[in-house]
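Welcome! Here is a short briefing to read alongside the sequence and the 3D view. Take a moment to turn the structure around before you start on the points below.

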Amino acid sequence: MTRALRPFLYALAGVAAGLLLMSWLTRAWLGRWLAWGELAGAGAALAVLAFFWVRLQRQRERRRMQDLRDSALW
């Protein structure tokens with residue numbers, strides 16, 4: 001597995017777990033399951049959040065590697 005693929009898989013698992021949790025909570029509070037449109041909207045919102053989280057993690061990793069490279073030059 002490539003290093004870049006792992007954060008995306010974690011984000012995908014997080015989105016799936018978030019949708020499952022959200023569906024379960026609405027079942028408990030409202031007494032009904034989420035409709036397909038509501039699940040699709042929530043999934044899209046969670047996917048966007050996951051995208052930005054993965055992007056932030058990759059940027060942090062890139063900066064850390066650059067700092068390590070710069071400190072090795074000194």
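Phenylalanine 52 is partly exposed, with a relative accessible area of 44%. In this predicted model, phenylalanine 52 belongs to helix 2.

**The overall form**

- How many helices and strands does the chain have? There are two helices and zero strands.
- The chain is more spread out than a compact globule, because its radius of gyration is 18 Å, well over the 11 Å that the globule rule gives for 74 residues.
- If you follow the C-alpha trace along its principal axes, it spans about 65 × 25 × 15 Å.
- Of the 74 residues in the chain, 14% count as buried.
- The chain exposes about 6200 Å², and carbon and sulfur atoms supply 67% of that area.

**Charges and the positive patch**

- Counting side chains, you will find 11 positive and 4 negative ones in the chain.
- The centres of the positive and negative sets lie 5 Å apart.
- Which residues form the positive surface patch? Arg58, Arg60, Arg62 and Arg63 do.
- Of these arginines, Arg63 can be found in helix 2, which covers residues 36-73.

**The salt bridge**

- The structure holds one salt bridge.
- This salt bridge joins the side chains of arginine 64 and glutamate 61, with 3.0 Å from N to O.
- Both partners, arginine 64 and glutamate 61, lie in helix 2, where they are three residues apart, about one turn of the helix.
- Is arginine 64 buried or partly exposed? Its relative accessible area is 44%, so arginine 64 counts as partly exposed.
- Glutamate 61 has a relative accessible area of 28%, so glutamate 61 is partly exposed too.

- Start with leucine 20, which is found in helix 1.
- Leucine 20 has a relative accessible area of 64%, so this residue counts as exposed.
- How far apart in space are leucine 20 and leucine 49? From C-alpha to C-alpha the separation is 16 Å, while in sequence the two leucines are 29 residues apart.
- Next, pick out arginine 27, whose place is in helix 1.
- With a relative accessibility of 36%, arginine 27 counts as partly exposed.
- Now go from arginine 27 to arginine 63, a step of 36 residues along the chain. The C-alpha atoms of this pair are separated by 43 Å.

Key:
Residues numbered from 1 in each chain as written. Predicted model: local features only at pLDDT ≥ 70, side-chain atom pairs only at ≥ 80, totals over all residues. Heavy atoms only, no water. Patch = residues over 30% accessible without salt bridge, like charges linked within 9 Å, V, L, I, M, F, W, Y side chains within 5 Å. Areas by Shrake-Rupley, 256 points an atom, 1.4 Å probe, with all protein chains shown as cover. Salt bridge = Lys/Arg side-chain N within 4 Å of Asp/Glu carboxyl O. Lys, Arg positive; Asp, Glu negative; His and termini not counted. Charge placed at Lys NZ, Arg CZ, Asp CG, Glu CD. Helix = DSSP H or I, 4+ residues; strand = E, 2+ residues; numbered from the N terminus. Rg over C-alpha atoms; globule rule 2.2 N^0.38 Å. Buried < 20%, exposed > 50% of the residue type's maximum accessible area, 1.4 Å probe, protein only.
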